[in-house]
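Let's explore a protein model together, one question at a time. Keep the picture open as you read, and try each question before looking at the reply.

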Amino acid sequence: MKATLAHYFQLTKPSIMLLVVFTGTASLVIEGSLLDRPGRFLLVLLGLYLAGGSANALNQYFERNIDAQMKRTSGRRPLPRKQISPAGALVFSVAIGVLGVAVFALFFNLRTAALALATILFYSLFYTLYLKPTTPQNIVIGGIAGAMAPVGAWTAATGAMAVAPWIMFAIVFLWTPPHFWALALYCKDDYEKVDLPMLPLVKGDRATVDRIFAYTLAVVGASLVLIAFTAGWFYFAVAALLGGQFIRRAARVRREQSVAGYRSLFGYSIVYLFSLFGAMMADGVLQRWL
């Protein structure tokens, strides 16, 4: 039973969901109204995990045959390894999605429930079944789903929209292409094997690294805009340092175009985003104390 539960848990892509929950947490910390209500704070994060995990699990259900052919996924994901059945995966995916939407509808507000439902449908159906197999811009457009956590968390807490969570959305949205294109550059053979039109295969390495550099500039610029609305100087200093390093690494990848450079940039992009949103939270706490 423990092993079976672990396999179903893997369907939710927990490493990706850690990022989703972390960015949602940053939004809640900056907004602040649930900091003295830990039960509701954690309930928002549970809703985010269930909804995002549902989208990821449905993605794996629909892509199980593709995953079985790719070296990067065939030995890691439960469906290609036949550790759970496709029918079981589908029931689990839908069930946690319904539960996640219900958490927001029953305990928070219908606006957040609608955002959660739209995110599930957008990622699992539109991105997985249409965008990913048809356009090299799949990562760019599909990044909308992964960037929604700060907006969803904010609307759960307040019932309203605001500028700050949309800036956080923009940061994650603009971060997604350089992050995943770096991965695509050193996993080209896998994507070519399953005939997915990832940017390096369609446009080539040169065009891909040029766009990685452009999006890196954009995400760093977006990160600095947050200071005009809610962040303080601690966040600004950390964002500037992290962003400078991100730009330096993207420029080196653009210049050298090496597999080692692609892997390094991919790894740093993860460090960058977690550190940036960690700085947001630290800055928010500092502003409340001072």
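Q: Which helices do the buried residues of α9 pack against?
A: This is a predicted model, and α9 spans residues 149–158. Its buried residues include Pro150, Val151 and Trp154. The helices they pack against are α2 (14–31), α3, α6 (86–107), α7, α10 and α15 (259–289).

Q: How many of the 10 residues of helix α9 are buried?
A: Buried means under 20% relative accessible area. Among the residues of α9 that are buried are Ala149, Gly152, Ala153, Thr155 and Ala156. The helix is mostly covered, and the number of buried residues is 8.

Q: Which residue just after α9 takes a positive phi?
A: Helix α9 covers residues 149–158. Just after it comes a residue with a phi of about 80°, and that residue is glycine 159.

Q: Which helix gives the most to the nonpolar patch?
A: The patch is made by Phe62, Leu117, Leu121, Leu125 and Leu129, and covers about 410 Å². Phe62 lies in helix α3 (residues 38–62). With 4 residues, the helix that gives the most is α7 (residues 110–134).

Q: Is phenylalanine 62 buried, partly exposed or exposed?
A: Residues under 20% relative accessible area are buried and those over 50% are exposed. Phenylalanine 62 has 33% relative accessibility, so this residue counts as partly exposed.

Q: What kind of pair do the rings of tryptophan 166 and phenylalanine 169 make?
A: The structure holds 16 aromatic pairs. In this one, the ring centres are 5.2 Å apart and the planes stand at 70°. Planes over 60 degrees apart count as edge-to-face, so the pair of tryptophan 166 and phenylalanine 169 is edge-to-face.

Q: Why might residues three places apart in a helix point the same way?
A: Tryptophan 166 and phenylalanine 169 both lie in helix α10 (residues 163–186), 3 residues apart, about one turn of the helix.

Key
Residues numbered from 1 in each chain as written. Predicted model: local features only at pLDDT ≥ 70, side-chain atom pairs only at ≥ 80, totals over all residues. Heavy atoms only, no water. Patch = residues over 30% accessible without salt bridge, like charges linked within 9 Å, V, L, I, M, F, W, Y side chains within 5 Å. Areas by Shrake-Rupley, 256 points an atom, 1.4 Å probe, with all protein chains shown as cover. Salt bridge = Lys/Arg side-chain N within 4 Å of Asp/Glu carboxyl O. Helix = DSSP H or I, 4+ residues; strand = E, 2+ residues; numbered from the N terminus. Buried < 20%, exposed > 50% of the residue type's maximum accessible area, 1.4 Å probe, protein only. Phe/Tyr/Trp six-rings, centres within 6.5 Å; stacked < 30°, edge-to-face > 60°. Contact = heavy atoms within 4.5 Å.
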